[in-house]
Amino acid sequence: MNLNLIKEFIAIVGKELVFVSEADRQAYSYDAAVLTPQIPALVVMPENQEQLGKTVRLAYENGLPITVRGAGSNLSGAVIPSSADSVVILTNRLNRIIEINKEDLYAVVEPGVVTSVFAETVSSHGLFYPPDPGSQTVSTLGGNVALNAGGLRGLKYGVTKDYLMGMEFFDCNGELVKTGSHTVKCVTGYNLGGMMLGSEGTLGIFSQLILKLVPPPKASKAMMAVYDDIAKASETVAAIIAAHIIPCTLEILDKKCIKYVEIHTKAGLPVEAAAILLIEVDGSHVQAVEEDANEVMTLCTKCGATDIRPAKDADEKNKLWEARRNALPALARARPTTVLEDATVPRSKVPNMVAEINRIALKHNLEIGTFGHAGDGNLHPTILCDRRNKEEFRRVEDAIDEIFDAALNLKGTLSGEHGIGIAKAKWMEKETNRATINFSKKLRLALDPKYLFNAGKKIL
Ligand SMILES: Cc1cc2nc3c(=O)[nH]c(=O)nc-3n(C[C@H](O)[C@H](O)[C@H](O)COP(=O)(O)OP(=O)(O)OC[C@H]3O[C@@H](n4cnc5c(N)ncnc54)[C@H](O)[C@@H]3O)c2cc1C
């Protein structure tokens, strides 16, 4: 990149926060998706709102493609720089929790705050921020909003969109735009926050977020239900919802996941089982939670669970969730490459989708472990492979195509929570239609006429 331009970025944020060397830039060439990396021309790390706005303006004025990056933990290639002349803007230093308001139940934060740091800080104030993506110890709140991240508690408490009250963001000219409010209700102007949710860095750069907080549940009960047939586990999910019990968490792990998690964690999972459900109910009254837990256990038995193991104390409960959170790391140890997918179906169709995934695995002779938020219909079929083996990876790509076809045929969606990025952009029209793509393109070009914000992602 032109030396004078580099000097202008340095004038905004200081020498230490502009990364010029190839070794430094290389660290920002990839994310958690299995895709080809792209080294950017420059990496800039603003420390405050003013620096962020000036950085965006300078990059845009000079026609540089811009990729804003939180922790880079997304699984869709959403922060792989668009081209070799790109500038990556890092939000890690924009990590202040500006306000936690206990009276009106909201917080004001910068986008680079790490999700679990925020949740723990909120908890130390006696409040609760429920969205808990599996990556929460590294992911940032800005990344969560830009991908509308979900998590284990989505079934009862919703996902990031249910907690976004307002935001400030920079447009392509570096102008600060404000939307939403500190109030529960706000219909002032367009719902720009709704538009920015899930926008994947393609419409503007968040500089501040207003997030809703809720009171924490006072009681909870967790359990593991064991099955000799994954269809029975899926049927249990439908039965629990049909009984109008909404667990805070309702997760499924298939046989392969159980095997690898047990090797990895020694959590005492039943390796002989075909599937397990990990279930937690919570609420404000101990008695009511006990009643819900008992009813859930009855439903598990009715649907064919061979064993039900309630967690006796907080330690046992934590062990269960630790096992679930280890599903992906455990699978990732099995083979050199792990392709994690995110196909999502209406929850009554979970048994059909599980059957489809197993059929596709068999057809393409691939090892696919499936886990996920069964209560949301959000499954994560995870293909264990080796990208260096071209023949095997072709089968992986064919299998992915078929997994998405199967999800769409079941009235599902391409992505429940991981976003579109580069990885799924080519399927967008299949789920929607040409008019939707054209409308989205017009919106995008109206807000980013030079097409510099995360070009090549989401809408092609
Ligand atoms: C092990 C593992 C488990 C995961 N579990 C889950 C899960 O349970 N649920 C889930 O939803 N996801 C999950 N993910 C995916 C990912 O962690 C989440 O999508 C997370 O929200 C990404 O946050 P990030 O800070 O890493 O964002 P990045 O990956 O850095 O960026 C993601 C997107 O946000 C945009 N962005 C970042 N900051 C801003 C900003 N300030 N303004 C505008 N746009 C911005 C980027 O341009 C990009 O498009 C998981 C990933 C891994 C590796």
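This is a predicted model: local features need pLDDT of at least 70, side-chain atom pairs count only at pLDDT 80 or more; totals for chains, interfaces and linings use all residues.
User: Let's start with the whole thing. How many helices and strands does the protein have?

Analyst: There are 16 helices and 16 strands. The radius of gyration is 22 Å, close to the 23 Å from the globule rule for 460 residues, so the protein is as compact as a globular protein of that length.

User: Which domains does the assignment give?

Analyst: Domain 1 covers 3-90, domain 2 covers 97-212, domain 3 covers 219-325 and domain 4 covers 329-409. The centres of domain 1 and domain 4, taken over C-alpha atoms, are separated by 32 Å.

User: Now the ligand. Where does it lie relative to the domains?

Analyst: To place a ligand, look at who supplies its shell. Here domain 1 (3-90) and domain 2 (97-212) both contribute residues, so the ligand lies between them. The shell holds 36 residues, and Gly-70, Gly-134, Gly-143, Ala-146 and Gly-201 come nearest. Strand S3 (66-69), helix H5 (141-147) and strand S9 (205-212) are the elements giving two or more residues.

User: Which element gives the largest share, and how does the shell split by class?

Analyst: H5 gives the largest share, with five residues. By class you get 14 nonpolar, 18 polar and four charged residues.

User: S3 came up there. What is the order of strands in its sheet?

Analyst: Start from the pairing and walk across. The order is S1-S2-S4-S3, an open sheet of four strands with mixed pairing. Strand S1 (18-19) and S3 are the edges, each pairing on one side only. Inside the sheet, strand S2 (42-44) and strand S4 (87-90) run parallel, with three bridges between them.

User: What should I keep in mind about side chains on a strand?

Analyst: In a regular strand they alternate between the two faces of the sheet.

User: Take strand S15. Is it enclosed or open?

Analyst: Strand S15 (367-373) has six of its seven residues buried, so it is largely enclosed by the rest of the structure. Strand S11 (249-254) runs antiparallel to S15, joined by two bridges, and there Leu-253 stands opposite Phe-371. Strand S16 (378-385) also pairs with S15 in the antiparallel sense, over seven bridges; Thr-370 faces Pro-381 in that pairing.

User: Last one: Glu-417. Is it buried or exposed?

Analyst: For a single residue, count the C-beta atoms around it. Glu-417 has 25 others within 10 Å, and 20 or more is the cut-off, so Glu-417 is buried. Glu-417 sits in the loop between helix H14 (390-409) and helix H15 (428-431).

User: Which residues is Glu-417 in contact with?

Analyst: Leaving aside neighbours within four places in sequence, the contacts of Glu-417 are Ala-149, Gly-150, Val-159, Asp-342 and Asn-378. Asn-378 is 39 residues from Glu-417 in sequence, yet 8.2 Å away C-alpha to C-alpha.

Technical notes
Residues are numbered from 1 along each chain as its sequence is written. The radius of gyration is taken over C-alpha atoms; the globule rule is 2.2 Å times the number of residues to the power 0.38. Domain bounds come from an automatic or database domain assignment. A residue is near a molecule or strand if its C-beta atom, placed from the backbone, lies within 6 Å of it. Ala, Val, Leu, Ile, Met, Phe, Trp, Tyr, Cys and Pro count as nonpolar, Asp, Glu, Lys and Arg as charged, and the others, Gly among them, as polar. A residue is buried if 20 or more other C-beta atoms lie within 10 Å of its own, exposed if 12 or fewer, and partly exposed in between; C-beta atoms are placed from the backbone. Two residues are in contact if their C-beta atoms, placed from the backbone, lie within 7 Å. Two strands pair if DSSP finds at least two bridges between them.
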